[in-house]
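Thank you all for coming; I would like to walk you through one model this morning, slowly enough that we can look at each part together.

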Amino acid sequence: MPRRETEKENSADKNGAEVGVPPAAIDENTGKENDPLEENGDELSSSESEFVNGESDREKKKGLSQTKNRQQRVTRTKTRKTASQQKNEEETASHQGDEDDKEASSLMNSCKSAVIPIIIFFLVIVVAISIPPPPPYPPPISPGFNFTKIFANKIVELQSSFTNQTDRFWRIIKNRGLAHLRNASPPQPLVLLLAAPPAAHSAVDCFAKKLAEGLDPEHRRMLATIDGREERSLPGEKAKKEIDEFLMKRFKEGHRVALVHQLELLPLPAPLLFHSYCDDHNAPYKHVAIIFTVHLPLEPDASLEPKEAERAVEKYLADEVWAKENKDAIADLLIRVTDTVALMNGEPSSSATC
């Protein structure tokens with residue numbers, strides 16, 4: 001080998017020893033040399049593995065951290081959503097509560113609006129009940145007239161003119177008339193029904209007129225008179241209305257008597273008007289007298305007692321004159337107009353003049 005190459009090799013060997021490359025060791029088992037670089041490589045591989053594992057752990061930790069962060073964000077988001085939903089629910093509940101309050105308030109106002117008129121209505125009724133009814137029309141003031149004395153004198157005068165009447169007849173007329181006139185505030189009007197069989201038709205109308213003059217001397221020349229013969233041709237409702245207006249006008253003017261000739265001829269339902277005028281409790285004019293005359297078609301049975309003969313007048317009106325009218329209404333009317341019935345006898349034509 002040339003010296004230059006040997007020197008180079010020696011130089012190389014020296015340089016290698018100088019740089020610290022370890023000499024190759026011989027493996028006892030294999031008899032081969034062990035390369036230190038390989039051992040270093042193994043050591044490097046282990047370090048790299050540890051590095052990779054560390055990196056993997058860091059990645060895992062990072063992933064876990066990110067997962068945890070995502071979960072926290074999700075949780076915060078849910079919390080915010082839950083808080084938002086709760087707030088919305090609270091607002092909705094509050095709004096619903098306001099709506100309910102408004103509805104309740106509206107319902108309460110409606111109830112108040114409905115209840116107040118009812119309360120007022122019942123209060124009006126209570127007040128109306130507690131206030132006593134207005135007194136009937138007071139009797140007119142007629143200075144200078146002693147009605148009791150005038151009436152008593154008139155009865156004496158009539159007895160001298162109508163001589164064919166019974167003591168019962170005069171007793172009924174006189175006692176009822178005087179009792180009414182002596183009472184400054186009579187509880188009901190004086191109602192007299194003078195019934196006459198055919199023989200007394202003319203006498204009864206004359207007698208009724210003179211009796212009325214004795215009860216109301218102030219208006220003796222212009223008595224408030226209703227004649228069934230004149231009213232019979234009118235429609236019943238019209239006759240009723242006209243008679244009602246006539247009586248109210250006359251009584252308000254101070255008339256103390258209404259004279260109704262031939263009650264049986266008044267067209268229905270006009271007679272029902274006297275249900276109120278002759279009422280024994282609530283008549284509007286209690287100080288007045290109402291005198292009816294009725295012309296009976298037949299003489300009463302002579303065998304009847306006076307009271308039975310008087311009740312025959314009521315039977316005649318109910319069964320013959322007003323038979324087509326409502327029986328209950330007629331019964332109520334008869335109780336009032338036949339409260340006092342006086343049955344007349346016929347008179348000689350020259351005994352009574354009107």
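Predicted model: local features only at pLDDT ≥ 70, side-chain atom pairs only at ≥ 80, totals over all residues.

Let me begin with E245, which is partly exposed, with a relative accessible area of 42%, where partly exposed lies between buried, under 20% relative accessible area, and exposed, over 50%, using a 1.4 Å probe and protein chains only. E245 forms a salt bridge with K241, the closest N and O atoms being 2.6 Å apart, and by salt bridge I mean a side-chain nitrogen of Lys or Arg within 4 Å of a carboxyl oxygen of Asp or Glu. Being 4 residues apart in helix α7, K241 and E245 are separated by about one helical turn; helices here are DSSP runs of H or I, at least four residues, numbered from the N terminus.

Residues are numbered from 1 along each chain as its sequence is written, and side-chain values use heavy atoms, with hydrogens and water left out.

Which residues of α7 are buried? They are G236, A239, I243, L247 and F251. These cover an arc of only 80° around the axis, taken from the directions to the C-beta atoms, which puts them on the same side of α7. The face turned away from that buried side carries the exposed residues E237, K241 and K252.

Elsewhere, E213 and K154 form a salt bridge at 3.8 Å between the closest N and O atoms, and both residues are buried.

Methods
Helix = DSSP H or I, 4+ residues; strand = E, 2+ residues; numbered from the N terminus.
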